[in-house]
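Okay, thanks for coming, everyone.

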Amino acid sequence: MRERFIDDLNRLETLNFDMFRMGEQSLQLLQKLITEKDRTLCNRISEVEGAMDEKKKQVESLAMALILREQPVAQDLALITASLGVVVDLERISDQSRDIAFILDHPGQLENKEMDSLAKLTKQAYEMFRLVRRGFVEKTKCRDLLESMDDEMDQGFEDIKKTLKENPHAQDLDLLLVAKYLERIGDHCVNIGEWVDASLA
């Protein structure tokens with residue numbers, strides 16, 4: 001019976017790894033979209049988001065089955081709970097990447113003067129994601145460093161907001177929303193870091 005439980009825990013971890021891989025792919029595509037201005041990537045980002053939704057359902061189903069069937073205690077329960085928390089934020093990162101792609105998939109958006117600032121913010125989000133993914137895989141704490149990186153992202157968002165307020169155009173409202181989504185991706189990375197740290201306590 002214990003062997004089946006261990007096998008299912010390993011399968012749950014594999015599903016989490018799959019979601020992290022998809023999340024990284026989504027952010028890689030987003031970086032490429034913004035830096036290379038290739039609107040054909042918008043559909044690929046949307047496809048990744050759809051696959052992420054399906055994977056999240058698998059994680060939730062398996063995790064709940066483990067809780068109800070095995071009634072795990074202590075460390076095992078912490079791992080399962082962390083897994084459930086992590087996938088919520090991973091799925092939201094994918095959602096927001098898709099929303100950004102939807103906004104940028106309109107004529108003229110990728111030519112806006114603020115795209116360089118958004119490219120920098122996207123790179124910061126990607127670096128935060130890679131850090132928290134490494135923390136999850138290697139089972140090392142990462143929240144404190146993520147919070148420091150998130151402060152930089154928050155400042156980047158405020159800088160973009162200030163610039164757009166000084167020279168407002170209708171199109172800039174969309175880019176302000178893109179910047180906000182990127183800032184939220186950073187927040188989700190911090191949340192995942194909290195789940196990772198909690199599972200190691």
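Let's go to His188, which is buried, with a relative accessible area of 4%. When I say buried, I mean under 20% relative accessible area; exposed is over 50%, and partly exposed is in between, with a 1.4 Å probe and protein chains only. His188 sits in helix α6, which covers residues 170-199. Helices here are DSSP runs of H or I with at least four residues, strands are runs of E with at least two, and both are numbered from the N terminus.

Before I go on, a word on where this comes from: it's a predicted model, where local features need pLDDT of at least 70 and side-chain atom pairs count only at pLDDT 80 or more, while totals for chains, interfaces and linings use all residues. Residues are numbered from 1 along each chain as its sequence is written, and side-chain values use heavy atoms, with hydrogens and water left out.

So, which residues does His188 touch, leaving out those up to four places away in sequence? They are Asp89, Arg92, Ile93 and Gln96. A contact here means heavy atoms within 4.5 Å. Take Ile93 from that set: its C-alpha atom is 6.8 Å from that of His188, though the two are 95 residues apart along the chain.

Stay in helix α6 and look at Val190. Val190 counts as buried too, at 8% relative accessibility. Setting aside residues up to four places away in sequence, Val190 touches Met128, Leu146, Glu147 and Asp150.

Now let's zoom out. How many helices and strands does the protein chain have? It has six helices and zero strands, and read along the sequence the pattern is α-α-α-α-α-α. The radius of gyration of the protein chain is 18 Å, close to the 17 Å that the globule rule gives for 201 residues, so the chain is as compact as a globular protein of that length. That radius is taken over C-alpha atoms, and the rule is 2.2 Å times the number of residues to the power 0.38. Along its principal axes, the C-alpha trace spans about 65 × 35 × 20 Å.

A few more totals for the protein chain. Buried residues make up 49% of the 201. If you take contacts between residues at least 6 apart in sequence, 83% of them join residues at least 24 apart. Then there are the charges: 28 positive and 40 negative, and their mean positions are 2 Å apart. For that, Lys and Arg count as positive and Asp and Glu as negative, without His or the chain ends, and each charge is placed at NZ of Lys, CZ of Arg, CG of Asp or CD of Glu.

On to the aromatics. A search of the whole structure finds three aromatic pairs. Rings of Phe, Tyr and Trp (its six-membered ring) pair if their centres lie within 6.5 Å; planes under 30 degrees apart count as stacked, over 60 as edge-to-face, and the rest as tilted. One of the pairs is Phe17 with Phe136, edge-to-face at 5.7 Å centre to centre and 85° between the planes. Phe17 lies in helix α1 (residues 2-36) and Phe136 in helix α4 (residues 115-138), so this pair ties together parts that are 119 residues apart in sequence.

Phe20 is in helix α1 and Phe136 in helix α4, so here the parts tied together are 116 residues apart.

Last stop, two lysines in loops. Most residues other than glycine have a negative phi. Lys37, though, has a positive phi of about 55°, and it sits in the loop between α1 and α2. Lys139 also has a positive phi of about 55°, and its place is the loop between α4 and α5. Lys37 is partly exposed, at 36%, and Lys139 is partly exposed as well, at 43%.
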